[in-house]
Amino acid sequence: MPDLDVVGKHAVSVGSRDIVTGRAKYTPDLSFPGMLVGRLLYTAHPHARIIKLDVSKARSLPGVVSVLTHQDIPGENSYNLIETDQPILVEDIARFQGDVLAAVAAEDEDAAQAALDAIEVEYEPLPGIFDPVEAMKPGAPKLWPDRDNVYDRLLLEYGDVDAGFKEADIIIDNTYATQLIEHAFLEPEGAVARVEDNGVVVVYAGCQAPFHDRQQIARSLAVPENMVRVIVPYIGGAFGGKWEIHVQIYTALLAQATGRPVRLIRTREESILTHVKRHPVTIRYRTGAKKDGVLTAIQVEAIGDTGPYVNAGALVMDVVATHSFGPYVVPNAHLVAYTVLTNNPIAGAMRGFGMLQAHLACERQMDELAKALGIDPLEIRLRNGLDAGREIPTGVSILNGDSMKACLKEASQLSGWEKRGQEECQPAHHLRHGWGVGTILNGFGMGHNAPDSAGIQVDMALDGSVIVRTGAVDYGQGLHTILAQLTAESLGVPLSSVKIVRPDTDMTSDAGATIAARQSFVSGNAALRAVEPIRRSLLETAEELTGIPREMLALREGALFAEGERLSFTTRDLATKAWEKNRQLCSMGYYGVKYPDGIFSESSYANAGGYFTFSTEIAKVLVDIETGEVIVEELVIVTNAGKVLNPRGAQGQIEGGALMGCGCALMEELIVDQGRTLNTSLASYLIPTSSDVPMMKIKFLESPEPEGPYGARGMGETGIIHTPAAILNAVSDAIGVSLNTLPITPERVYKALEANEKGLGE
Amino acid sequence: MGEIEVRLTINGKTKVLKTKPARTLLSVLHDDLKLTSVKEGCGQGDCGTCIVIMDELAVNSCLVLAGQADGKEIITLEGLAQNGDLHPLQQHFIEQWAFQCGYCTPGMLMSCYALLLHNPDPDIEEIREAIEGNLCRCTNYRGVIEAVLKAAADLNSISQSKRRKNA
């Protein structure tokens, strides 16, 4: 694609000036006259029957304006993503530590706290179900009277797995386990709600899905959806954890009940206790292969603990299912994935969404196979890697499958893999070097059986400046910058001429949620469709004014060009003239995802995805065998996400994702005992600081995606997905002992070494 | 509960205000004075989003009681740009994509500002150390480090040319 002025070029992020001057307003920064403080009363037991809930004393306290229980909800007392199975305010049974019993609005924090303290609750604690494997056993106590503990059992069959294992010269059989992970976005969840004179309930909230929020708020208020308006201010991170609604409904109910604005912000502790987490998944993985390492069969059993409410749990396990075979040719496959209900914290969407867990098992297993057969880990991956158009066990043919090998080869070069083992192997007597690889396919978008579309509005003013109204949330990834770049490029105006109007369900169109690395692709394509009629108006006008056929004209840099030469007409001239001639300068763009013909077979897995980004990561680590400490020295990442629309933004997505992946690999784990999270602060749940950052070498291959905007693919999740796998492989390589459980804490490394030594001694 | 009187110099202006003694400097700045660059991320001194400069030191304002700040000189992010001109740190934060969501940015900028106050020519390790108490969940901190290095270079060349002029 020749001569792009804005797309693919350095551009600072939309809103960056507001961010560095402190003018950017996040939800907690909003205030209105007469605003009340909202607070919530959470259950004291993770599984209990509520015998008594008496709020009368609380209601009579000075400064307390409203105390709501389940009896005070005008509409439905339930919400959630896949099923509306989570109570807003518990009526009978609390099923996890984050269940809410009452919502309070008061004049100030002290009065709100006094109200919470004055609410009288009697509980009958119920036996909890905290182990998903126990929960699956026949005769296990049931969490729901009308539901099995196994909410969903996904089955994926491809070829003949028994025949595949018979054909195998070697079978590797291991079990891998990932942990419960916290998003730790820096801005805890919050919302501000107020009721306008016309009865419209306005809710301001940092969220990922404003239109879905609107639907759920309206459902609980028992008002039509167009009487609820969700406005999305700046958001302090989300990473999947703000996809499901958090406190928006409570603030809306309290504002409706009191007629006054209400602000409710979760404390850090409440945030950690309540919102969804990354699923802990246990994966038993059997691989059959010939002596030369070529795969003959893979069998997988995955168990995901999703907590008591389904949320996005079954979708995450779906993605575990569709990514468990990695970017490989697998002739025979059999997979069962269980979504299991327990009284543990709810697990749902988090960046990497099942792909991280699936690839951890897949990529560790590939290394175990390589080790057993004495084949180089990269070589065994190349022997089994996809080619263009190859079908994977989900029954989908991946047109860009060849980019798997391209990424792998490039990463090998960039990391100096050839020289592996030649470094000073023991820089000190207690230190060991290790190298590990993780190579992945990263499905982006919602998959071929789910809605996946976006609307967007574009207006050009008579001076040639542009307004883009998007309902798609940008929580830091740079989506709005990309939308501005695409619009500017297509209309031939400078980036500074484009203004983005942030999501507001009254002013912008539904673009779906910002999840699954979908928005640059979907909203990006919608923007390109939206600008087309305006572009046509400008070019028609230009043709009239100059007498030059429009095929020879181009709009660039706010001016008109003919065959590379700048003419005297500016965008302002063209826009003004077009308006005088009644030509369209405002437009709506809509894009619904289309897949290439024939990529899905008749027996394709129901929720298979069709678009993939490929990426390879190589980790170099140093392990202290006396303390078990792991130092990640370098991460080399090569990603083929198609055309890179914004180089800095893309690099930031990969680096930031990779560092989050380091946290997942090495240090992060929510410790839950009997349904209660024990580490509820950022001092006891540690995330990577500036001193935990390895060197990163990042490279993009840019073979374009024909359907993507300017050839782009989704890549917001890519960086995190392969990091834990690459690091775990590197540590296993360094110490010569197989590690199969996250996180790789010093204790875990030390114990593995100790067990290995004992094993050798016997 | 009685209120106490607190005198603060904030971004060069002196303010006298009345507050309950148990309130934090964070809550006084954010809620009473509407200096909303001062963000709460944890309220426990773990994340650094509320960092401001108090008498030339970077402090977590959630850990400072309003009364402890009496008579002190406070700088918040609102005080960094002069007459609409961005401070070099702010400029380079933009250019280097030193943030994504931006929620940690005010505290991060104040930590970097405090570093340069005391160490005008920091190396990478000193920058890393200075921002260790500022959690960022979006980036890998590389942009911040690069921005500080560039801002330090800018500020040093400005002060050198000033010195030359004075000489």
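1. Contacts along chain B. In this predicted model, residues 24 or more positions apart account for 57% of the contacts in chain B that have a separation of 6 or more. Of the 167 residues of chain B, 53% count as buried.

2. Elements and overall dimensions of chain B. The secondary structure of chain B comes to 5 helices and 5 strands, and, read from the N terminus on, these elements follow the order β-β-α-β-β-β-α-α-α-α. Chain B has a radius of gyration of 16 Å, close to the 15 Å that the globule rule gives for 167 residues, so chain B is as compact as a globular protein of that length. Taken along the principal axes, the C-alpha trace of chain B spans about 55 × 40 × 25 Å.

3. A helix pair in chain B. Two packed helices are described by the angle between their axes and the distance between the axes. For helix H2 (residues 88–95) and helix H3 (residues 105–118) of chain B, the axes come within 10 Å and cross at roughly 130°, which makes H2(B) oblique to H3(B), since angles over 145 degrees would be needed for the pair to count as roughly antiparallel. The crossing of H2(B) and H3(B) is right-handed.

4. Residues at that crossing. On the H2(B) side the contact is made by B:Leu89, B:Gln90 and B:Phe93, which meet B:Thr105, B:Leu109, B:Cys112 and B:Tyr113 in H3(B). By residue class, the contact of H2(B) with H3(B) divides into 5 nonpolar, 2 polar and no charged residues.

5. Chain A as a whole. Chain A has 19 helices and 30 strands, and 59% of its 762 residues count as buried. A compact globule with 762 residues would have a radius of gyration near 27 Å, and the 27 Å of chain A agrees with this. The C-alpha atoms of chain A fill a box of roughly 90 × 80 × 55 Å along the principal axes. Among contacts in chain A between residues at least 6 apart in sequence, 80% join residues at least 24 apart.

6. The setting of A:Thr508. Is A:Thr508, a loop residue, buried or exposed? The loop in question lies between strand S21 (498–501) and helix H14 (519–546) of chain A. A:Thr508 is buried, because 23 other C-beta atoms lie within 10 Å and a count of 20 or more is what qualifies a residue as buried. The residues that A:Thr508 touches, leaving aside those up to four places away in sequence, are A:Gln457, A:Arg469, A:Thr470, A:Gly471, A:Val501 and A:Pro503.

7. The contact between the chains. How many residues does the contact take from chain A and from chain B? The contact takes 42 residues from chain A and 38 residues from chain B. On the side of chain A that touches chain B, the elements giving two or more residues are helix H1 (16–21) and helix H16 (647–666) of chain A. Of these, H16(A) gives the most, with 7 residues. The residues on this side of chain A divide into 19 nonpolar, 16 polar and 7 charged.

Notes
Residues numbered from 1 in each chain as written. Chains lettered and ligands numbered in written order. Predicted model: local features only at pLDDT ≥ 70, side-chain atom pairs only at ≥ 80, totals over all residues. Contact = placed C-beta atoms within 7 Å. Helix = DSSP H or I, 4+ residues; strand = E, 2+ residues; numbered from the N terminus. Nonpolar A, V, L, I, M, F, W, Y, C, P; charged D, E, K, R; others polar. Axes fitted to C-alpha atoms, helices over the stretch in contact; angles between N-to-C directions. Parallel < 35°, antiparallel > 145°, perpendicular 65-115°, else oblique. Left-handed = near helix turned anticlockwise from the far one by under 90°. Rg over C-alpha atoms; globule rule 2.2 N^0.38 Å. Buried ≥ 20, exposed ≤ 12 C-beta atoms within 10 Å, placed from the backbone.
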